[in-house]
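User: I would like to go through this structure with you, starting with the strands. Could you set out the terms as we need them?

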Amino acid sequence: RKMLSMAMWMALVVAPVQALIGDAHGLNTLEHQPAKIAAIEGHWDNAEGGPTPLVLVGWPDMQREETRFKVEIPLLGSLILKHSLSEPIPALKEFAAQDRPNSTVIFWTFRLMVGLGLLMIATGVCSLWLRWRGGERLYRSRSFLRLVLAMGPSGLVAILAGWITTEMGRQPWVVYGLLRTRDAVSAHGAGQLGLSLALFVLVYFAVFGIGFVYLLRLIRKGPRTAEGRQAGEGGAGRRSTPARPLSAADERLEDNQDDTGRN
């Protein structure tokens with residue numbers, strides 16, 4: 001309960017702050033890596049002039065140089081990225097074909113990241129509403145708890161989607177406009193790279209695998225309540241060692257000091 005409460009306060013405060021930071025980062029990227037922004041937005045042409053709409057969904061086609069099946073909101077692209085209702089944002093056709101990032105991929109990874117961020121904000125707001133309606137609702141609403149469970153991996157997925165957007169979006173450059181990726185490739189062979197990658201995979205699977213199994217065991221056993229402790233456990237007159245993280249959070253400091261004095 002304590003960890004859920006802490007996590008919901010964190011989501012309520014930090015997720016909106018992250019959205020503001022993301023807006024500032026978008027303005028910085030527009031200034032220094034305009035082709036990345038054009039690819040993220042699936043925006044190809046400024047021939048018609050005027051403000052740029054925001055493409056909600058669609059399929060950027062790198063061969064046909066257009067975003068197919070798009071659904072867009074007029075003016076909103078310029079409003080978000082230029083903070084203007086008249087200035088257009090850069091278009092992909094303003095850049096040579098060999099200098100364009102893969103819009104088909106980063107168009108969707110960006111939207112996955114933003115969508116999960118909005119869900120995090122919604123989860124935090126929902127938790128605040130449940131607290132306002134009564135504290136226990138936060139812990140007893142089945143629909144809300146299912147939402148929180150489903151949102152468990154959202155942070156990791158959003159980070160991965162963001163990194164894919166960042167790293168694929170700067171292609172074909174290592175240093176934007178100065179050094180191409182093909183010119184920065186090291187002289188290492190495929191065997192050396194394959195071995196180092198395999199070692200990384202093994203180590204990460206071992207670390208995360210052990211942690212995952214441990215968490216499953218904790219969940220399967222469940223929390224040990226105060227009523228479930230045996231009177232003689234841990235010695236006469238002494239409190240038993242907490243079975244789970246934070247399960248001793250309500251113990252008074254004086255009680256622990258008394259135990260130390262008796263020892």
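Analyst: Two strands pair if DSSP finds at least two bridges between them. Helices (H or I, at least four residues) and strands (E, at least two) are DSSP runs, numbered from the N terminus. This is a predicted model, in which local features need pLDDT of at least 70 and side-chain atom pairs count only at pLDDT 80 or more, while totals for chains, interfaces and linings use all residues. Residues are numbered from 1 along each chain as its sequence is written, and side-chain values use heavy atoms, with hydrogens and water left out.

User: In which sense do S1 and S2 pair?

Analyst: Strand S1 (residues 54-61) and strand S2 (residues 66-73) pair in the antiparallel sense, over six bridges. Val55 stands opposite Glu72 in S2.

User: How many residues lie between S1 and S2 in the hairpin?

Analyst: Four residues lie between the two strands of the hairpin, and Glu65 in the turn has a positive phi of about 55 degrees.

User: What does the side chain of Glu65 meet in a salt bridge?

Analyst: A salt bridge is a side-chain nitrogen of Lys or Arg within 4 Å of a carboxyl oxygen of Asp or Glu. Glu65 meets Arg100 in this way, at 2.8 Å from N to O. The pair links distant parts of the chain, with Glu65 in the loop between S1 and S2 and Arg100 in the loop between helix H3 (76-82) and H4, 35 residues apart.

User: Is Arg100 buried or exposed?

Analyst: Buried means under 20% relative accessible area, exposed over 50%, and partly exposed in between (1.4 Å probe, protein chains only). Arg100 is buried, at 13%, whereas Glu65 is partly exposed, at 28%.

User: How many salt bridges are there by this rule?

Analyst: The count comes to nine. One of them joins Arg1 and Glu136, with the closest N and O atoms 2.7 Å apart. Arg1 lies in the segment before helix H1 (2-32) and Glu136 in the loop between helix H4 (103-133) and helix H5 (137-140), so the pair ties together parts that are 135 residues apart in sequence. Arg1 is exposed, with a relative accessible area of 56%, and Glu136 is partly exposed, with 36%.

User: And what about Arg68 and Asp61?

Analyst: Their side chains meet in a salt bridge of 3.6 Å, N to O. Arg68 is partly exposed, with a relative accessible area of 27%, while Asp61 counts as buried at 13%.

User: Changing topic, which residues make up the largest nonpolar core?

Analyst: A nonpolar core is a set of buried Ala, Val, Leu, Ile, Met, Phe, Trp, Tyr and Cys residues joined through side-chain atoms within 4.5 Å. The largest has six residues: Ala38, Ala39, Ile40, Trp44, Leu92 and Ile106. Helix H2 (residues 34-41) gives the largest share of this core, three residues. Apart from it lies another core, of five residues, among them Leu4, Met8, Leu138 and Phe144.

User: What is Ile106 in contact with?

Analyst: Contact means heavy atoms within 4.5 Å. Leaving aside neighbours within four places in sequence, Ile106 is in contact with Lys36, Ala39, Ile40, Pro101, Ile164, Thr165, Met168 and Gly169.

User: Where is Ser154, and what does Ser154 touch?

Analyst: Ser154 is in helix H7 (residues 154-169) and counts as buried at 9% relative accessibility. Ser154 touches Leu116 and Met120, not counting residues up to four places away in sequence.
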